[in-house]
Amino acid sequence: MDIYILYYLIAGGFAGILAGLFGIGGGLIIVPILIYIFTAQGIPEVALTHICVGTSLATIIVTSISSLSAHNSKGGVNWTVWKRMTPGLIIGSLIGAGVASLIHGNSLKAIIGVGAFLVGISMLFMKNKDLETDDLSKLPSSVGQFGLGSFIGIVSAIFGIGGGTLTVPFLSYFGLKIKNAVGTSAACGLPISLAGAIGFLVFGQFVDASIKEGLPDGVFGFVHIYAFICVSLTSFFTARIGAHFAHKLPSTTLKKSFAVLLLVVGVNLVFRSDVFNN
């Protein structure tokens, strides 16, 4: 177990930096890494991906608190937009957790892989516009923002992410300058991760008893408590480091590098899912 704790700590440190840099929860990195670690630990395939997603969402609670506080200290969070989106984010995340619990583990792994690949493609080729100030004239109504939050929450809970890969592009398109889109996205990760983690804890109680017997100590519902603690511990501190550099460094090169990583991770997950052999 000791070597796996080290792996969890390293994964958390890496994911935290990405969370601060890009306003994401780090889930698109945490989930694939946990899949590799949990596979080596011998967690049954039938529950493997679900535990990775649930654990990822739990860690994002801590990461998002660290990241949003750092961004807020620099005036990077639009709390008006956040308040309007949060009810939808919560409801959507609970729905997404329920949907994910019904999907077969291999299929869920393939879905996450395809999602990571598509996000990588969009980040690689999408041109970022950076406004000098926020222009909220294109924002949808309060109902529209609720609907947008619901959509982001559903997708985020299924993928085990904080929603930044969707929230940042949407908010940027609707008129927030990129640094405020990143900061507001980091704040949106908190209700997503809280509701999603609770959903995976609850829905994970209904798995077959024979599956539960094959799970290691520390797994409750679809959340691995030991991994959650270790990943959260390092990501909490490194998220602030990432947020600091997000306000210092040009984002284009960083985003393209992250996009290439997502492409590699996405392809690998799809082929590891064995969907082509079914």
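Before I count anything, a definition: rings of Phe, Tyr and Trp, taking the six-membered ring of Trp, form a pair if their centres lie within 6.5 Å. Planes under 30 degrees apart count as stacked, and planes over 60 as edge-to-face. By that rule, this structure, which is a predicted model, holds seven aromatic pairs.

Take Trp79 and Trp82 to begin with. Their ring centres are 5.2 Å apart and their planes stand at 80°, so this pair is edge-to-face. Both residues belong to helix H4, which covers residues 79-101, and being three residues apart there, they are separated by about one helical turn. As a reminder, an α-helix has 3.6 residues a turn, so residues three or four places apart point the same way. Trp79 is partly exposed, at a relative accessible area of 31%.

Now compare the rings of Phe170 and Phe174. Here the centres are 6.5 Å apart and the planes are at 10°, so the pair is stacked. Phe170 is partly exposed, with 28% relative accessible area, while Phe174 counts as buried at 16%. Which residues do ring pairs link into a cluster here? They are Phe170, Tyr173 and Phe174.

Next, charges. How many salt bridges does the structure hold? The count is one. In that salt bridge the side chains of Glu45 and Lys109 meet, at 3.0 Å from N to O. Glu45 lies in helix H3 and Lys109 in helix H5, residues 105-125, so the pair ties together parts that are 64 residues apart in sequence. Are the two partners buried or exposed? Glu45 is partly exposed, with a relative accessible area of 34%. Lys109 counts as buried, at 2% relative accessibility.

That leaves helix H3 itself, which runs over residues 45-73. It has 29 residues, and at 1.5 Å a residue they should span 42 Å; the end C-alpha atoms are 42 Å apart, which agrees. Where does H3 bend? The bend is at Ile61, by about 30°. H3 is also mostly covered, with 22 of its 29 residues buried. Just after H3 comes Gly75, which takes a positive phi of about 75°.

To recap: we have seen an edge-to-face pair in Trp79 and Trp82, a stacked pair in Phe170 and Phe174, and a salt bridge between Glu45 and Lys109. That is my part done.

Methods: Residues are numbered from 1 along each chain as its sequence is written. This is a predicted model: local features need pLDDT of at least 70, side-chain atom pairs count only at pLDDT 80 or more; totals for chains, interfaces and linings use all residues. Side-chain values use heavy atoms; hydrogens and water are left out. A salt bridge is a side-chain nitrogen of Lys or Arg within 4 Å of a carboxyl oxygen of Asp or Glu. Helices (H or I, at least four residues) and strands (E, at least two) are DSSP runs, numbered from the N terminus. Buried means under 20% relative accessible area, exposed over 50%, partly exposed in between (1.4 Å probe, protein chains only). The expected span of a helix is 1.5 Å times one less than its number of residues. The bend at a residue is the angle between axes fitted to the seven residues ending there and the seven starting there.
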